[in-house]
Structure formats: C-alpha cells, structure tokens
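Please read them with the model open.

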Amino acid sequence: MKNILIILQITLSTSYIVLAQSIDQQQLKALIQYNDSLYANEVLIIYKGKEIAYWYDDSCTKPGMGTSSMLKSWTGLAFGTLLDQGLIGSLEEPACKWLPEWKEGCEKNVSLRHLITMTSGFNRRGGTKGILAQDDNYNYLMETRLDTMPGMKFGYSNESVQLLGMVLERASGMDAQAYFKKHLFAPLGMNSTTLVKDRSGKNWVTYGGCLTTIRDAAKIGMLLRNNGQYNGIQIVSEDWINNSLTPSALASYYGQLWWIDGNSKHFNVAAMGDPGVMMIWFPGLDLLFLRNQACKTEMKYSSALWMGPHFIRKISEIVVNN
C-alpha cells in the first residue's frame, strides 16, 4: 500500500465532534491527494490545537525531516530570546559590535535589523555562488562583500541568517546548537531536532538544514498559536512574535525571518524551505499545516514550481464556511 491517511477518531469526545463538523472531509481528501501528486511524503494538519489529520507515503523510506530554509524562521525565534534576556539591547545595534572582524559589515554599518529583515545588502546567491558552495561558513563570510548598500532593498540570503547565528553565539557565549537546545528545542520538547555543521565541521549552520521530524516542527507552529508560550511557559515574548510577523519596511511579504501573506482571503505566515518543506499558520482559522518532502528532493520537484495562491486556498478551504 503506497499512501496512508490517518485521521484521528473524532467521535471520542464532544470537542472532536465539533471539529469534525468544522472540517470539509472532501476538501481535506483533495488537499492530501494534491500534496501526494506534488511529491510530499508527509502532511500534518492541526486545527484548533488538535491534530486532525496525518498522512504519509510509506514508499518513501527516508526518515525524519530536513528543514532546509524553514530553519531561518526558527533562528528568528531563537534570536528573539536574546533580546528577551537582555543579552542584546536592540535590533538597531551594529553587527560590528559582535563581529568586529567582519570588516565589510563594519564599514557599511550593517545592523542586526538589516540582517533579520533580509535588507543587509546581500542578494540571493544560490547554491553555486553563495555560502552553500563553501566548506567553511565563517571564513567565507568574513571575506565576502555585500552586493548593495544595507537598507536599500530586500534581498533573501542565507548569508544574513548565518551571520545572525554568529552574533547569537557571541552574545550568548554558547555555540548555536547548545543555545537552540536550551532556549528553544528542549522547552518545546523537540527531542528529535538538531542543527548541523558546515563541511569544515567548525561552524553550526543557522540558515538551513536542521534535522527534525514533522511533529517536532509542528511545535514551532503551536508556539506561534500561543503567542510565544508552550505548556504555560513563555519561551519567547509575545512582542517578539508580533514583531516577527509584521512586514518589514522594504517587503510587505516578509517580517523577521517569516514569510507573510496578507493578500489571501485568510492571512497566513509561513516557514518554508526547498524542495517543498513548510509550515503555514492561519491565525484567523486556527489552522496549522505542515508538509514534508524527504524523497523527491531534486530542484525539478521544487515547491517554487507550484507554490502559490491556489495552494494556500486549498488549505484554507478544508475549514467549513470560512
């Protein structure tokens, strides 16, 4: 049997009966089939805080989930805890304060806000020209030049987020893996999640490639749902959550390392990565959607080829009378 769909038994309690009445089963089935046709191997849906559907393709035997660039959004949350603790004063601080050896950043007055809003002056460099092609992330970044002046335009880049990870290490006095585990992964119970190192083995990667599971990743979504709380504990401040999900001055579709969709019928925010891993949160619907693509990972299967308004609409339409 190729495809497995598990929908929680919704007749066990009154609350699940109510959820069943709120979900269009035909639209849900169509959404799962659509993701199956686009090379997903897992889909997880949480509605009103309860897991209502989990689907997986048992012909894809690769375990776990590689976050790719989903990790950028998580790095944004981890970085917020630095400000919550007072380890960093504000996003207006110059990156040079923490990375004085980064001559380009010091000369061009790159701020932490520039880095976290993708306005630092890096263009998207891709897999062959940018940091993805490097063995040693630190050496590469200390020697590379900006493409434009900071604060001029939005430019999505891995480089900006790796620099943020380096600032996080300097400000906290901890390596990134230890910090993420203490201040994000462990409090959320993400026990199957870990960062990875670059090819030199010297530097933890904070822009992508984290190893996790779809249910661990869902806990990040629950953190958004509860305004920075999880199991009654405030992990990151509500102010940081709100600011992260507010568009930056130079990009109406991007906040502090989160994609923002204010054009669809239902406002939503997302953490996404190649080729098609994503977590999308619809606060107005109280709906959380996660998708894993672990087996068909070549760029010809990329979500860039099919991700768009119609896909967002298919997700939101599983909620009745929305």
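1. A disulfide joins Cys96 to Cys106, with 2.0 Å from S to S. The model is a predicted one. The link between Cys96 and Cys106 is right-handed, with 95° about the S-S bond. Cys96 sits in the loop between helix H3 (70–84) and helix H4 (103–107), while Cys106 belongs to helix H4, so this pair ties together parts that are 10 residues apart in sequence. Cys96 is partly exposed, at a relative accessible area of 26%.

2. Cys60 and Cys295 are also joined by a disulfide, with an S to S distance of 1.9 Å. This link is right-handed, with 90° about the S-S bond. Cys60 is found in the loop between strand E3 (50–57) and strand E4 (65–66), and Cys295 in the loop between strand E11 (287–292) and helix H12 (309–316); the pair therefore ties together parts that are 235 residues apart in sequence.

3. On accessibility, Cys60 is buried, with a relative accessible area of 12%.

4. With the bonded cysteines of the chain numbered in sequence order, the pairing reads 1-4, 2-3.

Definitions and conventions
Residues numbered from 1 in each chain as written. Predicted model: local features only at pLDDT ≥ 70, side-chain atom pairs only at ≥ 80, totals over all residues. Heavy atoms only, no water. Disulfide = S-S within 2.5 Å. Helix = DSSP H or I, 4+ residues; strand = E, 2+ residues; numbered from the N terminus. Buried < 20%, exposed > 50% of the residue type's maximum accessible area, 1.4 Å probe, protein only.
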